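Visitor: I have some questions about this structure. Could you walk me through it, residue by residue?

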Amino acid sequence: MKLTPLETWIVSETGIKEKTRADLEEYQLSKIKKVIKYVKKYSEFYSEYLKDIDEADIKSFKDFQKISFTLPEYIREFSNKFLCVPQREISRIVTLKTSGTSGEEKRIYFTENDLKLTVEFFKYGMRSLVNENDRVIVFLPGNSYGSIGDLLKKALNEINIGCYVYGMLSDLKDAAEFIKNKKITCIVGIPTQVLHFSRMESETFKNNIRKILLSTDYVPETLITEITSKFQCKVFTHYGMTEMGYGGGVECEALNGYHMRENDLYFEIVDPYKGEVVKDGEYGEIVFTTLTREGMPLIRYRTGDLARFNIDSCACGTFLKTMSRSLGRIENRFEVGDSEFIYMRDLDELILSYEEVINYKVYVQEENLICVYIAVKKEEDFYKIKQILEDSIKELVSANKGNLDVSIRYLKETAQVKNSMVKRKICDCRRDG
Ligand SMILES: [Zn+2]
């Protein structure tokens, strides 16, 4: 079987002889031991946190699974204690605003080498979807050095593929003109923004765009179906987060889940409540360990995202692990009945399936009222779908044994609203205050 570009790269980076899981896992385990030794020596946080761990005792992944998780709040509290190099060797610091009332931020540090590894992953990962005949537009932030757009542009330029970092989508007409003028064939962006764009500028979309890569948020099935059938366009998804160095895994042409960046990252899926590693095929929380990070390695970091490993092998025949598309953040939900939840992804599938809708926001109020604010293409559209949406959300609530009331309200889409929609989150006032 011919290796995919991503596989070829991983084989060469890991130096494994046989292209088998056993060899790759042997590489990963030996890297894990090295990383533990490294962080215990250089990171103030891990030298304390892992003081009772001896890497020589780790003889299997089972042994590794006994190590405590690294939680996001530890980074919030001790971010610079995670550092394994002097501050002057840091090329990029990303400050992540976190939700909640504490107001503290998470700082993630990268050295020049760390950024280079991400560029390498993007180079081979993007090869799964684009070639020299494509021109790519990136609707993600890219102005600053080492930002996701900047790294993606570097990667594509190195493999002679034209790439324009446009920034976040705000002026849709302008973006459509840009696509026409530059003969763009591929969009990289955020799911709801790209969906919105495709609904408002469908002619441009139809005439130009052949491939899309979506990242940073849950990708609704309804979006994939609509864009694929309307525009004969292939929709790829990518999984990653800043903490893992942006890139984590990307779909191949079979579009059957992400193939993982297994030379740089070791992934586990764990039961979100008990913390135990679950069987392949079972859903759980994604946990990762960095294998090659220099500035700020992370050991068994809990992402808060839900997914599972596929049991069936991918049509491309890869020996890499395949993870099903992430179902989004575990916490992005609200309780409707006794331990019954409605997740943002449930609402996405329902609400975004109406082509009139361009965006929405959800607040669950203290008096058990679900307020859904809907932004539509044209104001009159709102009255067409208001009742249907109210009824179907009520149905969803009662199917989950809940008795919350539902109110559908009109949302005027302003620039401010758009910006607040990048990290989409259900606001449960009963929980968040
Ligand atoms: Zn594949």
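Visitor: Which cysteine sulfur is closest to that of Cys371, and how far away is it?
Guide: Keep in mind that this is a predicted model. A disulfide needs two cysteine sulfur atoms within 2.5 Å. The gap here is too far for a bond, because the closest cysteine sulfur to that of Cys371 is in Cys429, at 8.3 Å.

Visitor: And what is the distance from the sulfur of Cys429 to its nearest cysteine sulfur?
Guide: Cys429 is in no disulfide either. The nearest cysteine sulfur belongs to Cys427. The cut-off is 2.5 Å. The distance is 4.3 Å.

Visitor: How many disulfides does the whole structure hold?
Guide: A disulfide is a covalent bond between the sulfur atoms of two cysteines. Cys371 has its closest cysteine sulfur at 8.3 Å. A search of the whole structure gives a count of zero.

Visitor: Is Cys371 buried or exposed?
Guide: Buried means under 20% relative accessible area. Cys429, at 18%, falls under that limit. Cys371 has 0% relative accessibility, so this residue is buried.

Visitor: How many residues apart are Cys252 and Cys314?
Guide: Cys252 is in the loop between β8 (249-251) and β9 (258-260). Cys314 is in the loop between β12 (301-307) and β13 (322-323). Both cysteines are buried. The pair links distant parts of the chain, and the separation is 62 residues.

Visitor: Where is Gly317, and how far is its C-alpha atom from that of Glu390?
Guide: Gly317 is in the loop between β12 and β13. Its relative accessible area is 35%, so Gly317 is partly exposed. Gly317 and Glu390 are 73 residues apart along the chain. Their C-alpha atoms are separated by 45 Å.

Visitor: Which residues form the salt-bridge network with Glu226?
Guide: Glu226 is buried, at 8% relative accessibility. Leaving aside neighbours within four places in sequence, Glu226 is in contact with Leu195, Arg199 and Glu355. The salt-bridge network links Glu226 with Arg199, Lys230 and Glu355.

Visitor: Which strands hold Asp305 and Arg329?
Guide: These two form a salt bridge, with the closest N and O atoms 3.0 Å apart. Asp305 is buried at 7% relative accessibility, whereas Arg329 is partly exposed at 43%. The partners lie 24 residues apart, in strands β12 and β14 (residues 328-329).

Visitor: How many salt bridges are there?
Guide: Side chains of opposite charge can pair when their charged atoms come close. One example joins Lys51 and Glu48, at 3.0 Å. Glu48 is partly exposed, at 49%. The count comes to 31.

Visitor: What covers the buried residues of helix α7?
Guide: Helix α7 spans residues 148-158, and its buried residues include Ile148, Leu151, Leu152 and Ala155. Asn160, with a positive phi near 60°, follows the helix. The cover includes α6 (112-126), β3 (135-138), β4 (162-165) and β5 (186-189).

Visitor: Which side chain makes a polar contact with that of Thr185?
Guide: Thr185 is in the loop between α8 (172-182) and β5. Its relative accessibility is 15%, so Thr185 counts as buried. Its contacts beyond four places in sequence include Asn133, Asn208 and Ile209. The polar contact, at 2.7 Å, is with the side chain of Asp134.

Conventions:
Residues numbered from 1 in each chain as written. Predicted model: local features only at pLDDT ≥ 70, side-chain atom pairs only at ≥ 80, totals over all residues. Heavy atoms only, no water. Buried < 20%, exposed > 50% of the residue type's maximum accessible area, 1.4 Å probe, protein only. Helix = DSSP H or I, 4+ residues; strand = E, 2+ residues; numbered from the N terminus. Salt bridge = Lys/Arg side-chain N within 4 Å of Asp/Glu carboxyl O. Contact = heavy atoms within 4.5 Å. Polar contact = N/O pair within 3.5 Å; in protein donor to acceptor, adjacent residues only side chain to side chain.
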